[in-house]
Amino acid sequence: MCSEFLWNQKIPLVSWKSICKDKKYGGLGVFSAKTWNCAAALKLLWIIHLKKDSLWIKWVHGNYLQQSDIWQVHVKLNDSWMWKQLLKVRDKLIRRFGSVNSLQNILSKCCIGEKISISGVYRILLQPDQVAAWYNTVWDNISYPKHSFVTWLAIQSRLLTQDRLCGMGILAANQCVMCTNFPESCGHLFFDCQFSALVWNMVMDWLKFSWRSCSWGYIINWYNSRLKRKGFMEKLKRMALTASIYWIWQERNFRIFQSKARQPEKIFRAIRISIFSKIMNDNFPIHIKERIQAL
Ligand SMILES: [Zn+2]
């Protein structure tokens, strides 16, 4: 249901597994019921392992674990559905973490005293190895969520640009609708295309960028490595990037689906107004508001 809501019943552009990762790790931080279920099953396995003093644990040991322990016991044909599910999760996670010992080590790290934290186990099950380099670039807290979302798709090359549609066999020909001179790809739209380059250059002039480029790879690398501090101008530059991507993508869609075309100046104006209205309407200190008015 959540997936259908997010993608509006169209083809999902990013896998659900990735979406459930935290934003810091490249996802959207959506709750994963499946992973939580695994974490809850692991908690049960752990309290059975610790022989916690409760009637149900005693019953489990008396009925299922007379000659074995919870990590070795085999599933039998007439075991209950719940018991079979528990052992299924156990086997899956032993395979994932390599051995019973390493699984036990991980679970012991999620304990505070004798109590195991399901949310701690959940985080370990969900977290990939690396933080996404572009986390700050995409998810700056002053950017509009819809601008960040489109940037999040663009940065992972998941926007349905014509090069991808051709690859899927949906389109036969690929021609950029902004300049009509080159094939459309993410790198071309942001901001190699002469139309987008005009818009992006206006944005860079406006915010007095000292380092300038219209090449997608260079821009993203520069943002990820040099523009990640919390100063107002850096936040503003991150907001300007996500807004530019959003408005150019919207213009591209207007041209394809509604046969409407606007001039680069109009797009730049929309970017500026969206940034202005956010800064002026949010709880920013007065000196920041004066600073943006002076730009
Ligand atoms: Zn173009």
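Helix α14 (residues 232–258) packs against helix α15 (residues 264–281) at an angle of about 135°, with their axes 9 Å apart. That makes α14 oblique to α15. This is a predicted model: local features need pLDDT of at least 70, side-chain atom pairs count only at pLDDT 80 or more, and totals for chains, interfaces and linings use all residues. Residues are numbered from 1 along each chain as its sequence is written.

**Terms for helix packing**
- Helices (H or I, at least four residues) are DSSP runs, numbered from the N terminus.
- Axes are lines fitted to C-alpha atoms over the stretch in contact, and angles run from 0 to 180 degrees between N-to-C directions.
- Angles under 35 degrees count as roughly parallel, over 145 as roughly antiparallel, 65 to 115 as roughly perpendicular and the rest as oblique.

**Helices α14 and α15**
- α14 passes α15 in a right-handed crossing (the near helix is turned clockwise from the far one by less than a right angle).
- Contact residues of α14 include Met239, Ala243 and Trp247, and those of α15 include Ile267, Ile271 and Ile275 (in contact means C-beta atoms, placed from the backbone, within 7 Å).
- The residues of this contact divide into nine nonpolar, two polar and one charged.
- Ala, Val, Leu, Ile, Met, Phe, Trp, Tyr, Cys and Pro count as nonpolar, Asp, Glu, Lys and Arg as charged, and the others, Gly among them, as polar.

**Helices α3 and α7**
- Helix α3 (residues 33–49) and helix α7 (residues 118–126) pack at about 125°, with axes 9 Å apart.
- That makes α3 oblique to α7.
- Their crossing is right-handed.
- Trp36, Ala39 and Leu42 of α3 are among the contact residues, as are Val121, Tyr122 and Leu125 of α7.
- By class, the contact of α3 with α7 has 10 nonpolar, one polar and one charged residues.

**Domains**
- The chain is divided into domain 1 (33–126) and domain 2 (135–294), with bounds from an automatic or database domain assignment.
- The C-alpha centres of the two domains lie 48 Å apart.

**Backbone details**
- The peptide bond from phenylalanine 190 to phenylalanine 191 is cis, with omega near -5°.
- Phenylalanine 191 is in helix α11 (residues 186–192).
- Asparagine 8 is not a glycine, but its phi is positive, near 55°.
- Asparagine 8 is exposed, with 6 other C-beta atoms within 10 Å (exposed means 12 or fewer, buried 20 or more, and partly exposed in between).
- Serine 259, in the loop between α14 and α15, has a positive phi near 50°.
- Serine 259 is exposed, with 8 other C-beta atoms within 10 Å.

Note on methods:
Helix = DSSP H or I, 4+ residues; strand = E, 2+ residues; numbered from the N terminus. Contact = placed C-beta atoms within 7 Å.
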